[in-house]
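Visitor: I am new to reading protein structures. Could you take me for a close look at a single part, and then show me how that part sits in the whole?

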Number of protein chains: 2
Amino acid sequence: MLSGLSFINNQWVAGEQGSFTAINALDHSVMAPQFHNISQAQLLQACEQAWQAFLQYRQVSRADRAAFLSGIADELQAREAELVARTPLETGLPELRIKGELGRTVGQLRLFAGNLRRDDDYIAQDQPLPERTPLPRPDLKLKTIPLGPVAVFGASNFPLAFSAAGGDTASALAAGCPVVYKAHTAHPGTSEIVAQAIEAAIARCNMPAGVYQLLQSKDYDISHGLVQHPRMQAVGFTGSYAVGMALQESIRQRQQPIPFYGELGSINPQLLLPGAVSSGKQGDNGNDAALAATFVGSLNLGAGQFCTNPGLWLVSESEADAFAQAVAREVEHAAPQPMLTPAILSAYQQGCARLHRHATLLASGQGEDKRCSTQVFVTSAVEFMANKALHQEVFGPAALMVTYKDTAELEQLLAGLEGQLTASIHGSDALIAANRNLVESLSYLVGRLIFNQMPTGVEVCDAMMHGGPFPSSTDVRSTSVGSQAIARFQRPLCLQNTPSTLAE
Amino acid sequence: MLSGLSFINNQWVAGEQGSFTAINALDHSVMAPQFHNISQAQLLQACEQAWQAFLQYRQVSRADRAAFLSGIADELQAREAELVARTPLETGLPELRIKGELGRTVGQLRLFAGNLRRDDDYIAQDQPLPERTPLPRPDLKLKTIPLGPVAVFGASNFPLAFSAAGGDTASALAAGCPVVYKAHTAHPGTSEIVAQAIEAAIARCNMPAGVYQLLQSKDYDISHGLVQHPRMQAVGFTGSYAVGMALQESIRQRQQPIPFYGELGSINPQLLLPGAVSSGKQGDNGNDAALAATFVGSLNLGAGQFCTNPGLWLVSESEADAFAQAVAREVEHAAPQPMLTPAILSAYQQGCARLHRHATLLASGQGEDKRCSTQVFVTSAVEFMANKALHQEVFGPAALMVTYKDTAELEQLLAGLEGQLTASIHGSDALIAANRNLVESLSYLVGRLIFNQMPTGVEVCDAMMHGGPFPSSTDVRSTSVGSQAIARFQRPLCLQNTPSTLAE
């Protein structure tokens, strides 16, 4: 059923530059079929076609764009069985998660479709003042228009919700921008199935050829060529800091600056105020064990492969022992889990080894060949502040518990942290109110500030901010999740003194 | 009355790195006093103090920020006589213009103050859904918070409205961001008077030291050091393409990417549809002469020293002769005007010489030593499309009339233009409706699309967009004029499950 082809200019074409295969995430075996790497010539064709599509697609009405997004959602739902057969093998993620993520992906598309139908293009209007002196004021309308073709890169850890028809694609298409999608090499088959769904929606909704294109390639030059192409007007990326910075460097070599929306990860500090553990606000049971179960549960979700994974736990010295013991009991029972790719598993093991060199291992979960084991380390605030190696994200179910003496030391620690996607503050409402200064400091460190909840589970809604100060993202003014994500791919146009004959 | 000092950390201090003087724009003589260049050490002190101020200023309420902006407006108005005595000498701009520009500057400050009082910080809210399955939805609020200290560069051509307390300063202060203002070396005395007004407002409103700082320096290294300083979180600039690109290069060397809002100028195409000249829609007189008077009037406004100056006039071959004759009659009577600086006058003369090498001089206005003369050149669409030298902005009262054969050639010409701040379409409403394709193409070339009006005269209001596709600006998603300008210096923060004890 899978062809290994790319989808360029509404045709399925074979890449001309060799091939690669997906790896089974459960047993690390090679999976059929071969996926063909596209050539630079094919890349140029796709980018040029995206521009031709833009000339048409930017004139498509909001209602028709909404119908297109809904059509993609319908076609995706019709392919649930195909996805459930392929995606768990490519990613190691269980069927239930894939079904849930499909629901989220479909929900995102329908959210944007609904907003397109509900809202209009206009931001503001100033009525003409023909009698104003010394000069009359003309009629002025401010509306949004799409930026142009958008390059989107798939994320390894969300094969559906941040990939071929994920949040970046949905928000760009909603904005009126064609998408050139570079599939993640970890789940090329999943991407092909999703692109087939989009192809069907293009046909059903009579959308222009090139409004969505799927590129398969394991060659980094294709990614860099894509972001440097003069027709591309924005880039959406979710992935590692290293790859994000390499793409940014390529984008900077362009003559025309374009926005780069890179979401690069985070260690998501969990701040337990002094008294939070013993008062047990978190959870319903009101005790150390419940809090520890909540923390370890969030840490293990999806094998810790979330950018909102809680990687840094800040606990008062006076409560650390009790909490650590409860955490250790939870961790020791944690089952081993497959990871997204062999490379991610290997990087996780190296990350844990690095933490082990610089901190004390508190507890580790059960292990197994080709599976990761949960690991929690512990160190002091003094050690943490002195050692930047401890600040680096370890992608997977590893956390570092840091014990602090008092809130003064905690403030000092927070001041030395880099920008984060999220942080949580745990403690009673009264305790939080008594630490307003900490709340204020954290607000400027993160994109989303959470009270008494874990950061995993990013709601797709109007009020979400998924992004944060650098290096957690490259553009703190934008979100990659939720309805505000569309703003990344639009810009204002002022219309002055528009004749009535042009009224829409 | 003028000290030549810089205003750092609420103190007037002498720069430690030599000095420079303002030049009288009317007779090119040197003016007292000496302005002292700050040192790198003084720059670092200012940037660090801006951060300290940010820690306070970001907590100042909207109402108190509004009072501060209104206070600056009051203090500026109280200094009108001082400004009218100094600014015309530094800029060559007449007293009436300075008074008008002061009114605009004060109006901008009051617009932002009014919006601060009218609006709140919240963008969106999702109500909690505690009963939702499989997972409850938490309470989510999305609000704006300020980015941090902003570096602002003064523009030569707006000594008040785009300078020390101009649009960038007003929108940054409104957003909650301290401003480190690098004065333009062409009007340092004006900047000092304005900074004195801000100093008085700081004292009156009890604002933190460092919320606004004025740097005097003729040393480029200070500008580059300012934008590279890790405490700076955004840059506002209005000026030439060359200086803008040099600053962008410095900004790219930072570890942390920050937004650079550079407004770099434009030739602002004036598109006369076939029949526009003879039907004479523009103006009330309905004839060639009225249209020519309108065009030449806009061209000469402020000696053509506006980024919205109409520099490119596209006229149908069949009507070009009649229009050219009417334009020539207007131009020949145009009085010579002083320019902002001797360097700008010299660059203008070189720009006219370049146009003269590549196109035919249609008419030139009256000339005088140390004054510019209006110049209008003419060429064909074929010549224009083949010669990129004709696409470059000539800053001053020079325009290039380009004659086209038909709308197909016009489409082709527009497709070869770089991004522009504005364009105007002139013609009857019926004619415009019959050329929807041109309207559509132009929409994606500009930030503001104007019908039957000239681009000069940028309204400060809610629906304004002053910016455009590169190279007219470095960030097409933003405007530097109007109430949306504040969005450049803010970013979203999501608050999840906020305890009621923290309610504002």
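Guide: Happy to! Let us begin with a definition: a residue is buried if 20 or more other C-beta atoms lie within 10 Å of its own, with those C-beta atoms placed from the backbone. Keep in mind, too, that this is a predicted model.

Now find A:Ala197, which lies in helix H6 of chain A, residues 188-205. A:Ala197 has 23 C-beta neighbours inside 10 Å, so this residue counts as buried. Who is around it? Leaving aside residues up to four places away in sequence, A:Ala197 touches A:Ile72, A:Glu75, A:Leu76, A:Arg79 and A:Ala165.

Step back to the whole of chain A. Of the 504 residues of chain A, 56% count as buried. The chain has 16 helices and 19 strands, and its C-alpha trace spans about 75 × 70 × 40 Å along the principal axes. A compact globule with 504 residues would have a radius of gyration near 23 Å, and the 24 Å of chain A agrees with that.

Next, bring in chain B. A rotation of 180 degrees, with 0.0 Å of shift along its axis, superposes chain B on chain A with an RMSD of 0.0 Å. The two copies are therefore related as by a two-fold rotation axis. Of the residues of chain B, B:Arg252 comes closest to that axis, with its C-alpha at 3.9 Å.

Where the chains meet, 55 residues from chain A and 55 residues from chain B take part in the contact. On the side of chain B that touches chain A, strand E19 of chain B gives the most, with six residues. By class, that side of chain B has 28 nonpolar, 16 polar and eleven charged residues. Because 100% of the interface residues of chain B are also interface residues in chain A, the copies meet through the same surface.

For a last stop, look at strand E19 of chain A, residues 490-496: three bridges join this strand to E18(B), and the two run parallel. Within that pairing, A:Cys494 stands opposite B:Arg448 in E18(B).

Methods: Residues are numbered from 1 along each chain as its sequence is written. Chains are lettered from A and ligands numbered from 1 in the order in which they are written. This is a predicted model: local features need pLDDT of at least 70, side-chain atom pairs count only at pLDDT 80 or more; totals for chains, interfaces and linings use all residues. Two residues are in contact if their C-beta atoms, placed from the backbone, lie within 7 Å. Helices (H or I, at least four residues) and strands (E, at least two) are DSSP runs, numbered from the N terminus. Ala, Val, Leu, Ile, Met, Phe, Trp, Tyr, Cys and Pro count as nonpolar, Asp, Glu, Lys and Arg as charged, and the others, Gly among them, as polar. Two strands pair if DSSP finds at least two bridges between them. A residue is buried if 20 or more other C-beta atoms lie within 10 Å of its own, exposed if 12 or fewer, and partly exposed in between; C-beta atoms are placed from the backbone. Copies are superposed by least squares on the C-alpha atoms of residues with pLDDT of at least 70 in both. The radius of gyration is taken over C-alpha atoms; the globule rule is 2.2 Å times the number of residues to the power 0.38.
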